[in-house]
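Please open the model in a viewer and follow the selections below in order. The tour begins with the contact between the chains and then turns to a sheet.

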There are 2 protein chains.
Amino acid sequence: MAAPDPPAGQPTVGDLGENALVAGVISRFPLPPPWLRVGPGDDAAVLDLPAPDGVARLVIGTDTLVELRDFHREWSTGHDVGVKLAAQNFADIAAMGARPLALVVSLVAPAALPASFAAELADGLADECARAGAAVAGGDVSDGDGVVLTGTALGVLADGVAAVRRDGARPGDRVALAGVCGPSAAGFALLRADATADLPEALGALLVAHRAPRPGYAAGEAAARGGASAMIDISDGLLRDAARIASAAGVTLSLDRTALPRPAALDAAAALLGRPALATSWLLGGGEDHALLACFPPGRPLPAPFRPVGEVLAAGPAPVLVDGRPPDTPAGWTHWS
Amino acid sequence: MAAPDPPAGQPTVGDLGENALVAGVISRFPLPPPWLRVGPGDDAAVLDLPAPDGVARLVIGTDTLVELRDFHREWSTGHDVGVKLAAQNFADIAAMGARPLALVVSLVAPAALPASFAAELADGLADECARAGAAVAGGDVSDGDGVVLTGTALGVLADGVAAVRRDGARPGDRVALAGVCGPSAAGFALLRADATADLPEALGALLVAHRAPRPGYAAGEAAARGGASAMIDISDGLLRDAARIASAAGVTLSLDRTALPRPAALDAAAALLGRPALATSWLLGGGEDHALLACFPPGRPLPAPFRPVGEVLAAGPAPVLVDGRPPDTPAGWTHWS
């Protein structure tokens, strides 16, 4: 039995697009209870959990990898995919200013999936959990036509550390970046073009960045301790995620392109593919490197490893400006676009 | 690009089956850290979470619904599916003795999914969360070929309540059931046979039980307060889940069939389908009603709504006996079987 066709004339999730779908779904939920400090719509939720004396402040977020969309088994080992699932989930925890604690994982797999893939997957999950200071707490397995992996990460906010939301940017704040943007997208382009043979080491690192990103989680808590006013995990591209910070606060983020760290390997990969302009597209639109973009009030020193990449302005002609102008490069990843 | 074929001769997850796959994956994780009180392998994990003074005891579990496997859009509204996802996740929380607190949800959807389905889904999630005393805390959306929904539920253990694991049954314990087994499987059989027109109310209730189960979550905490030695959410059928309790403790669960609550609608539905023997199969093998099966030490009064359905014996010829004999009815649901 196949899934039913959509009724003619009814809008589909593809018609809505990701942002409108998410906003529409959230609008149907009742107002969050008081203990739900940050509800749906941010990188992760923040809960006050009843504890013997006072509350524990828990952070929880969920993120999914779909085979043939988010990874390909020709290109990635099970270990790679396990690392990637843990990394993208813990990056959401870090983006709230919290420390990764635990991960639960749902695996949907066809019967024909090699058992070795599942074993490698477990190893990759365990490795990245260990690197993040976390543990795999549990999971679920189901039968399905393709591999779908959903992780749910838990984190905790350290004593005296306030959660950093998306929506706190104010005009005058500095915009700062921890990590780099572009390597994952460049690696994906090399893999898709089958341009992976005999690569120099710097270009080979782009493939690794795509297959198994290893974000710096500690930058999130450093930003929170440093008084960050807003923060986001760059999972869908710098411009798109910067626009999310801007839209959430009704401001404009003005980015200075020359301030962005631009690994030489991006230009080398674009040249190899014969399309030099791709390097800037990857820099501004590539997601999945899980760099952290944060805003800091004026006068606050930027905590390491953040570097200044722009400033927050009052709402202007576009949510994001690059070198003072609305960007003309593709705006990053969105589902069903 | 299609997913690769499995290499010839290598075992697949289908060859392993669900139980061996799960055991194999868990075996690759390092030993759980001390704060992970119950790790992978139970209905849900139990974590000690750092709190200002002492710890908060958190329960987390994850469960997935795959379109065409676990639900069909011809048969179920988005609201039904939302209720079902919340119910199966919160039942796992209850099975540890905890109270539902929050749910995060990942939705994988094809572009052609009607937006109305997503809106109904949100409503169903919100309704069952409210019934359980919980809230939707967050989620994620992704593009995929079919609808896959993963929920992750959080719960808390009340002060003075110990988590109830699967593995604590001891010979001499009483076996007890809260809820009924069979209605969801009977409803599924009626739907699959397209025998849904002009049903009397009692049979119509079987369809509802399959589409949108509404378990009694409070029974879980009642069992924990009543000193239960072991407990499981019956999601895959009474015999299969009873066998999980038995195997975890190295005992045999001896069930008394006449003690099991047997709704008259099961026999009526089996008669309608012309196969009277199905009623017993649904009773013993049907999952997704999310009744709770628990064991209680001898002399302990059973807390409401538990009723006695058998006893725990030393390990015998089979993990589960029905009326003193190994059962000859199908053993319930397992993936890739």
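A polar contact is a pair of N or O atoms within 3.5 Å; within protein, one atom must be able to donate a hydrogen and the other to accept it, and residues adjacent in sequence count only if both atoms are side-chain atoms. By this rule, 24 residue pairs, both members at pLDDT 80 or more, are in polar contact across the interface of chain A and chain B.

This is a predicted model, in which local features need pLDDT of at least 70 and side-chain atom pairs count only at pLDDT 80 or more, while totals for chains, interfaces and linings use all residues. Residues are numbered from 1 along each chain as its sequence is written, chains are lettered from A in the order in which they are written, and side-chain values use heavy atoms, without hydrogens and water.

Select strand β5 (residues 135–143) of chain A: with nine residues, this strand gives the most to the side of chain A that touches chain B. Strands here are DSSP runs (E, at least two residues), numbered from the N terminus.

Next, display R69(B) and D145(A), whose side chains form a salt bridge at 2.9 Å, N to O. The term denotes a side-chain nitrogen of Lys or Arg within 4 Å of a carboxyl oxygen of Asp or Glu. Six salt bridges are counted between chain A and chain B.

Now move to chain B, where an open, mixed sheet of six strands has the order β1-β2-β3-β6-β4-β5. Two strands pair if DSSP finds at least two bridges between them. At the edges lie β1 (36–38) and β5 (135–143) of chain B, each pairing on one side only.

Finally, select V38(B); its bridge partner in β2(B) is V46(B).

Notes:
Helix = DSSP H or I, 4+ residues; strand = E, 2+ residues; numbered from the N terminus.
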